[in-house]
Amino acid sequence: MKVPESLQKFNDDDGGVFEKCSKLVPSDIDVSDSNAVVTYLRAQMAWMKLPLTQACIKGDIPALKAALVVDPQFPFKQAPDGGTLLSFTVDKPVVLKFFIQTFPTATIDSKSPLEYAKEMKAPQLIVDMLELLTADEMKVCGDTEAEIQAAIEEKKATLSNNKSAMANIVDYTAREKATELQTKMFGELKAAAVDDAQITFDELTAYCGDQAKRLGDLIAVVMNKYKTTDPRRYELFEQVKYIAVKEQVPPPATLPLPEQVEFQLANATWYEEGFQAAMKEITAVFNETKTCEEICEHYDIDNSSGKWSKELRAEVFHLDPLTNQVVRTKFGPPKGFPRALEKMTQGKTLRDLNRVTFEFEDPLLMALCFEVLNKKYNIYGLKNKYLQETFKEPPNLHMNLDIKDGWLCEVQMLFRDILLIKKELHKFYDVNRADGPFVVAGKLFKSLEDPGEQQRDEVDSHAAASSSTSDLLQIIKSKNEQLKAKDEIVAQRDAEIERLKTLLSQNTHEDKVASPPLPPQARTQEGTSSYTYSQLLGGTLAGVDPTKKESYLSPSEFSKVFGMSPSEFSSLPTWKKNAIKKEKKLF
C-alpha cells in the first residue's frame, strides 16, 4: 500500500505504521482508500486540538518516534469519547519535554501530562519538570537530563526567593522603623524644633522610598506567580480585553458646579443599596457553589466549548486559608465633597461614586466573574491592566457597570497578593512624595495597635508565600487558637442581639391590633404553626418570622409550591434558596 504524503513522517521503513493506523478506522471506511483513512484520522486528532497535518508540520515526528516506546499494536488508540490519542510510554525526561514543547495543549489519556506522569509513577525528575517548568521554559533549557536538572534547580531557587519576598509583603520591622521615625519627627514638631523635624522627615522619606521600591519590585514577582502557576487558567483571564469608556449620567446643567456635585453625591445614595445587594449576590454564588459549571448554569454563561469546566477550588489558588471562599468583596466609602468637586472641576464625570473591589486568587475565577458581570450588565471603560509588560503601580481589572438607568458604578478586580502590595505600598508611597513633615505627621500604621487587622495581614502574607493548602496547615492551627476568644465574644454578642429582637417582637405584637382570627392550624415538622401559601402571601401574620416564611408551610404544600421536599430545599446553597424564595414571593 502506498503511504499518503501527509502520513510520510509517521511511516516506518516498511509502511507498517500506516497499516496499523488503518486498522483503527470504522468498517464503513474503505481502508484501501488512503485519502479516506487520512481524513478520518485527521478528524479524530482534532479532538485533542492536534490535526494530523499540524502534527506533521510542527512536530519532529521521527525524533518523537525515536524517543518514544511505541505501543506494539499501533501508535494511536481510541479514547473513551471517540477521540484518538498518541499512545506511548515515557522513556526519559527529554521525551516528555519534547512532547510538551511540541504539543503544549495536548492531553494524554484524558489527563494532563503531570497527572499522567504521576499515575505512571514517572521518575521524580519528570514530575519536577512538569510541576515547575512552563512550556516556554522547557524550550530554552537543554535537551540532556543534566541540562533539564539544572533548569529545574534554577526554577526552584527562583521560587524560593519569590516565596521569601512575598512572605515579607507586610514587613512589620519596616512598619516599626517608619513609626519610630514618625514618632521622633512628631515630637520635634511639638517642641517647635522645625529644623530637626525636617532632618528626620528627610530620613523618613528616604526610608519609605526604599520600601516603596521593594514593594514595587514585588509586583512583577507576584504577577509571574499568577501567570506560571497554571497557564491554562491564566490564559482565559488574558482574553479579557479593552472596552470603550462611557460618561456618567450628568446632573442638571442649570445647577451651579457645587450643587451639581451635591446632586451627584445624593444620586449615588439611591443606587448604593441595590448595587451592594447585586454584588453581594454574585459573591455568595461564587463562594457557595461547588463547580464552575453550576455558576455558568445559574447565569446562563455559554460553556459549550467546556472552557469553564475546570476545578472551582484549585488548591494552588486558595484565597483564604481560614475559609472556603474563592472571592471577597469590599465596598468603597462615599466620596467626600472636596474630592468630588476637584474631579468635576477637572471635567471628570464621577463614574466611581458607587464602587466595589473583588479580591480573587484564581485568574480563571476572575475571568469567569467578568463573564457574569458582562452577562448581567452593560460594561464600559474596561481596562485589563494585568496585560502590561511592566508595572509602575499595582495592576487591576477596572470597569464601569451600568447598574440601572445608565448610572455607572466602578468595579475593580485584584489578585490577593496584588491587593496586599497595594495596601502596603500606599502608606510608604504617600510619605515618599510628601513635601513637608506636617503633611505626614499623623500615625501611618494603625495595625500596630490593632491585633485583628495585624492577624489578617499576617494570614494573607503567609498565604501569599505558600504554594499549596498543605503549607498553610500550621498557620491555620495557630491562628485558630487566636480566633477562639474572638469567636466567643461574637457568639455572646449574637445571642444578646437575638434576645433583644425577641423582646422587641413581643412588645411590638402587644402594641398592635390583634390580627383577624385564622382557622385552627396544623403543625409543621419543625413544630411551628402551619399556614397556607395564600395566607403567607397576604401580608404580615402574628408570630411569623418574615425571613423564614417557607418554614410555615405544611410539608405537602411546601412540596407543591417549591417542587421539592423541605429537606431537599434546606440542602441548597443560601443564594439558590433566596433566588427560589424571591420567585415564589416569600423572600
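Arg416 is buried, at 2% relative accessibility, where buried means under 20% relative accessible area, exposed over 50% and partly exposed in between (1.4 Å probe, protein chains only). Its side chain meets that of Asp417 in a salt bridge (2.9 Å, N to O), a term that stands for a side-chain nitrogen of Lys or Arg within 4 Å of a carboxyl oxygen of Asp or Glu. Asp417 is buried too, with a relative accessible area of 0%. Through salt bridges that share partners, Lys225, Glu361, Arg416 and Asp417 are joined into one network.

The model is predicted: local features need pLDDT of at least 70, side-chain atom pairs count only at pLDDT 80 or more, and totals for chains, interfaces and linings use all residues. Residues are numbered from 1 along each chain as its sequence is written, and side-chain values use heavy atoms, with hydrogens and water left out.

By the rule above, the salt bridges come to 19. One of them pairs Arg351 with Glu247 (3.1 Å, N to O); these two residues lie 104 residues apart, Arg351 in the loop between helix 15 and strand 6, Glu247 in the loop between helix 12 and helix 13. Helices (H or I, at least four residues) and strands (E, at least two) are DSSP runs, numbered from the N terminus. Arg351 counts as partly exposed because its relative accessible area is 26%, and Glu247 is partly exposed at 46%. A further salt bridge joins Glu359 and Arg328 (2.8 Å, N to O), linking strand 6 to strand 5 across 31 residues. Both Glu359 and Arg328 are buried.

Turning to the nonpolar interior, a core here is a set of buried Ala, Val, Leu, Ile, Met, Phe, Trp, Tyr and Cys residues joined through side-chain atoms within 4.5 Å. The largest such core holds 90 residues, and Met279, Phe286 and Leu373 are among those that touch the most other members. Helix 11 (residues 194–229) gives the most to this core, with 11 residues. Beyond its neighbours within four places in sequence, Met279 is in contact (heavy atoms within 4.5 Å) with residues including Phe331, Val356, Leu373 and Ile403.

Towards the end of the numbering, Trp575, Ile580 and Lys581 are buried in helix 23 (residues 574–583). The cover over the buried residues of this helix includes helix 13, helix 14, helix 21 and helix 22. Lys581 is also one of the contacts of Glu550, along with Phe558, Phe562, Phe569 and Leu586. Glu550, in the loop between helix 20 and helix 21, is buried at 11% relative accessibility.
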